[in-house]
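Have the sequence and the 3D view open as you read.

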Amino acid sequence: MIDRSYLERILKMNGSSPTAPDEEIRSVLISARWKKDDVESAITVLRENVNTHQSRIERVDNVFLTDKRLSPEAIHALLGIDVKVNAEDLSTLRARQSFMYWAQVSSIFVIAFVIAAASLLGVMYAQGVGIFHPSSSSHFPANK
């Protein structure tokens, strides 16, 4: 386990503070020849709440290497963007996306059917079979 006071002393000797951005702390520790895993552990220890010992970390790894959703607070901590989401807007958006999905699936089947029918009619015309067979026109009276 990495001691928090030890980390604070190392950062202070290198002209940084424990409240500095993660990238600054990372560069100080890497220049002190720390391994990458140890650097990440040190940042975790520094971001831990001193009183409750509860760690609260929002890093790029949490955003891109997981499938969990970020809370508006986490987005604000990471990017500095205030996110306000209305539940009604979300339900409308989900319903619209669901409708668009089924419309796309249906259109794929309709287009496939039209292409298949046109191809079948084209082959029948080229080969002179089916409704394009010469004997099939003898059943219909000719226009005079």
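Predicted model: local features only at pLDDT ≥ 70, side-chain atom pairs only at ≥ 80, totals over all residues.

Residues are numbered from 1 along each chain as its sequence is written, and side-chain values use heavy atoms, leaving out hydrogens and water.

**α2 against α3**
- The axes of α2 (residues 22-31) and α3 (residues 36-46) come within 10 Å and cross at roughly 135°; axes are lines fitted to C-alpha atoms over the stretch in contact, with angles from 0 to 180 degrees between N-to-C directions.
- On the α2 side, Asp22, Ile25, Arg26, Leu29 and Ile30 meet Val39, Glu40, Ala42, Ile43 and Leu46 of α3 (contact means heavy atoms within 4.5 Å).
- By class, this contact has 7 nonpolar, no polar and 3 charged residues.

**α1 against α3**
- Helix α1 packs on α3 at about 105°, with the axes 10 Å apart.
- That makes α1 roughly perpendicular to α3.
- Arg4, Leu7, Glu8 and Leu11 of α1 make the contact with Ala42, Val45 and Leu46 of α3.
- The residues here divide into 5 nonpolar, no polar and 2 charged.

**Salt bridges**
- The count is 3 salt bridges, each a side-chain nitrogen of Lys or Arg within 4 Å of a carboxyl oxygen of Asp or Glu.
- Glutamate 8 pairs with arginine 4 in a salt bridge, their closest N and O atoms 3.2 Å apart.
- Glutamate 8 and arginine 4 are separated by about one helical turn, because they are 4 residues apart in α1 (residues 4-13).

How values were computed:
Helix = DSSP H or I, 4+ residues; strand = E, 2+ residues; numbered from the N terminus. Nonpolar A, V, L, I, M, F, W, Y, C, P; charged D, E, K, R; others polar. Parallel < 35°, antiparallel > 145°, perpendicular 65-115°, else oblique.
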